[in-house]
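Subject: Structure handover and notes

Dear colleague,

Please find below the structure that I promised to pass on to you.

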Amino acid sequence: MTTDGRSFEQASATSSGAETGPGDVDVPIAPADSPEAPAPKGRRRRAVILLFVLLLLSLLVLFTGWYLVTRKPITELPLPGIGEGNLPTYSFSLYGVTSPIGVVASADGSRIYVTESGGERLTHVYDSKGIQIATFSPPGSAPGSRTPAYITLDPTNGDVYVSDRVAGTIYIYDKDGAFQRKFEPTLAVPNWQPMGLAFDAQGNLYVSDVGGPIQQVEVFGRDGTLLRTIGEKGQFLFPNGLAVDAKDHLFVSDGNNGRVLIFDVTGHQIGLIPRGVANGELGLPRGVALDDSNRLYVVDTTGMTVQVYAVDPTTGLPKYVGTVGAEGVGDGQFQFPNGIAVDTRARLYVADTANNRVQVWSY
């Protein structure tokens, strides 16, 4: 019995809701499958797993779409932290060319053009797998009368421009190698010896000239009109490779001075990469190239390497990122490399001159 006269069984029933007195309110307990019931732990766990799977599928779709559109690896996605400080690695080599000097690739990498300074002194054309599909040279010329050097592509129509310093001219071919014409400045340039070639976004042609009283860079309109010159007397010593970014910052490989000079759109020098032995400094620079991720590549011929820099897209000033390659004859090793080119699919092409090949590197 309890103190109020009830049995323990009666008190227990009342406390459990079996009996209610006046004023007591029954609180219904929701069935387990009603909307008010808390979700079981298993159901919450399944929801989290489903959300995680959907997230993974979304990322997979994103990465797949990125690759199908750009043919670039995931490390090249333009997201913060991805690819920063990344360096390319060796992929394969193109053979069948003697002492290559200049190289350029179409944007998608489906055609690679290489000039050679030895052998027949031809310009070779390869497909993206490194299979040679054509060769060409100026009509009626013999190997001893031609010395093709640097090479670039007209961004508007894919025409191929090849400089010949000894002949003092620039030859123009269509994308299949059919000769079109010589590039003729509207005003004669004294002792013209064209070397490096590059186009800007407006279709103007930049030419490094190692002849004449002043070694300089000349900028021509498409019709051959000389628009301006860059470089003062004694500023350059055998300028070689050229590259122009989207803001018309010009990068000039000042070869025998052992440096790269950087100019703004007005032709004013705004920076340089110096000669030296510290990381990022140069020995004998030749080819230069800029990719669409604002990376600058400089071939250091005597260093047997390619130096990589990140370029500030606003100021045009470079920051050293790293070095690829080393001296040797194996894969990924160079013997006096010279020209360099990039495509829009994160691939890099290096004229490995003394090894008689072009190396392809990729991210």
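**Strands and hairpins**

Strands β15 and β16 form a hairpin with four residues between them, and in the turn G258 has a positive phi of about 70 degrees. Strands here, like helices, are DSSP runs numbered from the N terminus, where a strand is E over at least two residues and a helix is H or I over at least four. Two strands are said to pair if DSSP finds at least two bridges between them. Before going further, please keep in mind that this is a predicted model, in which local features need pLDDT of at least 70 and side-chain atom pairs count only at pLDDT 80 or more, whereas totals for chains, interfaces and linings use all residues. Residues are numbered from 1 along each chain as its sequence is written, and side-chain values use heavy atoms, with hydrogens and water left out.

The pairing of β15 (residues 250-254) with β16 (residues 259-263) is antiparallel and runs over five bridges, and F251 has I262 of β16 as its bridge partner.

How many of the five residues of β15 are buried? Five of the five are buried (under 20% relative accessible area, where over 50% is exposed and anything in between is partly exposed, with a 1.4 Å probe and protein chains only). In a regular strand the side chains alternate between the two faces of the sheet. In β15, L250, V252 and D254 point one way, while F251 and S253 point the other way, and all are buried.

β11 runs antiparallel to β10 (residues 194-199), to which four bridges join it, and F199 stands opposite L205. The hairpin of β10 and β11 has five residues between the strands, including G203, which has a positive phi of about 90 degrees. β11 also pairs with β12 (residues 216-220), again antiparallel, over five bridges, and V207 stands opposite E218.

**Pocket and cavity**

Rolling a probe the size of a water molecule over the atoms shows where empty space is left. On a 1 Å grid over the protein atoms alone, a cavity is a set of points where a 1.4 Å probe fits but cannot get out, and a pocket is an open set with protein on both sides within 12 Å along at least five of seven lines; lining residues have an atom within 4 Å of a point. Grid points are joined across faces, edges and corners, and a volume is the space filled by probe spheres set on the points.

The largest pocket holds about 1100 Å³ of space and is lined by 44 residues, of which T152, F199, V244, L290 and V342 lie nearest its centre. Among the strands that each supply at least two lining residues are β10 and β14. A search of the whole structure also finds three cavities of 30 Å³ or more, and the largest cavity has a volume of about 60 Å³. Its lining includes R121, F136 and Y173, and β7 and β8 each supply at least two residues to it.

**Aromatic rings**

Rings of Phe, Tyr and Trp (its six-membered ring) pair if their centres lie within 6.5 Å, and planes under 30 degrees apart count as stacked, over 60 as edge-to-face and the rest as tilted. By this rule the count comes to 11 aromatic pairs. One of them joins Y309 and Y320 edge-to-face, at 5.9 Å centre to centre and 65 degrees between the planes. Y309 lies in β20 and Y320 in β21, so the pair ties together parts that are 11 residues apart in sequence. Y309 is buried at 2% relative accessibility, whereas Y320 is partly exposed at 29%. Ring pairs also link Y161, F183, W192, F199 and F220 into a cluster.

Best wishes
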